[in-house]
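Subject: Structure for your review

Dear colleague,

My notes on what was found follow it.

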Amino acid sequence: FTPGYKEYDLVHHLDDGQPYTMAPTDVLITVFDNDEAGVSFHGTDGVNVASIGANAIEIPEAQPGHGPNYYDYAVQLLCKPSFHPQYPVLRLNVTTNNTRLAVGSARAENTTVRQHHVFEFTSETWQIAQTVRLTLDTEAGEFRSSNGPEVITVEHAIVEGDPEYIDLMLPSATVVVLDNDVPGVVGFPSV
């Protein structure tokens with residue numbers, strides 16, 4: 001159900017060929033919908049990646065010349081939003097302000113490094129989880145030195161659609177970039 005409540009009239013009819021001994025009565029049934037607008041965020045391992053006290057997403061740096069490392073997690077609506085001509089689609093924005101982390105869809109063919117991606121849910125697709133892909137840009141020049149782990153925040157917000165969803169304060173996800181560089185000095189014998 002769409003959040004809210006519905007009322008139905010249940011009408012009884014007797015049609016067995018026998019004389020009525022009781023007059024049928026209409027019964028009003030009110031169904032109160034207890035679904036609440038909400039969004040879940042789960043990694044491919046089933047871990048909730050965006051909640052208060054959630055574990056951080058860990059993405060190790062890749063070695064130069066190897067492909068980028070990434071982490072996928074699913075976003076899913078917990079109940080059907082209200083879809084009207086005024087708001088026929090619900091849009092969820094996933095963003096980061098760190099140029100080292102690209103945000104996109106696991107289904108997207110565009111590999112351009114972007115700091116935001118908009119996921120769309122319609123009346124036909126609202127119940128289907130969509131996959132967020134966070135890709136670490138290992139070629140970013142400022143991160144080539146050994147600097148230890150880095151913490152990046154990924155924000156979620158409903159930016160268009162059902163007002164009950166827009167009013168939600170969605171949690172952020174924490175990404176920890178695991179540094180693969182080992183500090184030290186390598187010596188070579190002189191000739």
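A residue is called buried here if its relative accessible area is under 20%, and exposed if that area is over 50%. On that basis, 32% of the 191 residues in the protein are buried. Please bear in mind throughout that this is a predicted model.

**Overall architecture**

The protein has 1 helix and 11 strands. Along the sequence the pattern reads β-β-β-β-β-β-β-β-β-β-α-β. Among contacts in the protein with a separation of 6 or more, 71% are between residues 24 or more positions apart.

- β4 and strand β11 (residues 173-178) pair in the parallel sense over 4 bridges; P60 stands opposite L178 in β11.
- β10 and β11 are antiparallel and pair over 5 bridges; V151 stands opposite V176 in β11.
- β6 and strand β10 (residues 150-160) are antiparallel, joined by 5 bridges; the bridge partner of R91 in β10 is E160.
- Strand β6 (residues 90-95) and β8 are antiparallel, joined by 6 bridges; in β8, R91 has E120 as its bridge partner, and L92 stands opposite F119.

R91 therefore deserves a look in the viewer, with bridge partners E160 in β10 and E120 in β8, given that strands count as paired from at least two DSSP bridges.

**The four-stranded sheet**

A further open sheet is formed by 4 strands in the order β3-β5-β9-β7, with antiparallel pairing. Here β3 (39-43) and β7 (101-105) stand at the edges with a single partner strand each, so one side of each is left without a neighbour in the sheet. Neighbouring strands of this sheet are turned by 25° against each other on average, again with direction ignored. Within the sheet, β5 is joined to strand β9 (residues 130-136) by 6 bridges, and the two run antiparallel. The bridge partner of Y71 in β9 is L134.

In soluble globular proteins, nonpolar side chains tend to be buried together. The largest nonpolar core of this model has 31 residues, and the members that touch the most others are V39, I57, Y73, L92 and L134. Strand β5 (residues 70-77) gives the most to this core, with 4 residues.

Which residues does I57 touch, not counting those up to four places away in sequence? They are V49, Y71, Y73, L134, A173, T174, V175 and V176.

I152 lies in strand β10 and counts as buried because its relative accessibility is 1%. Leaving aside neighbours within four places in sequence, I152 is in contact with T96, N98, L101, A173, T174, V175 and V177. Although I152 and I57 are 95 residues apart in sequence, their C-alpha atoms are 9.6 Å apart in space.

A173 lies in strand β11 and counts as buried because its relative accessibility is 0%. Leaving aside neighbours within four places in sequence, the contacts of A173 are V49, A50, I57, I152, T153, V154 and H156. A173 and H156 are 17 residues apart along the chain, and their C-alpha atoms are separated by 8.2 Å.

**Aromatic side chains**

How many aromatic pairs does the count give? The count comes to 0 aromatic pairs, where a pair requires ring centres within 6.5 Å. A ring does take part in a charge contact, however: the charged end of R133 sits over the ring of Y70, 3.8 Å from its centre.

With kind regards

Key
Residues are numbered from 1 along each chain as its sequence is written. This is a predicted model: local features need pLDDT of at least 70, side-chain atom pairs count only at pLDDT 80 or more; totals for chains, interfaces and linings use all residues. Side-chain values use heavy atoms; hydrogens and water are left out. Rings of Phe, Tyr and Trp (its six-membered ring) pair if their centres lie within 6.5 Å; planes under 30 degrees apart count as stacked, over 60 as edge-to-face and the rest as tilted. A charge sits over a ring if NZ of Lys or CZ of Arg is within 6 Å of the ring centre and within 35 degrees of the ring normal. A nonpolar core is a set of buried Ala, Val, Leu, Ile, Met, Phe, Trp, Tyr and Cys residues joined through side-chain atoms within 4.5 Å. Buried means under 20% relative accessible area, exposed over 50%, partly exposed in between (1.4 Å probe, protein chains only). Contact means heavy atoms within 4.5 Å. Axes are lines fitted to C-alpha atoms, for helices over the stretch in contact, and angles run from 0 to 180 degrees between N-to-C directions.
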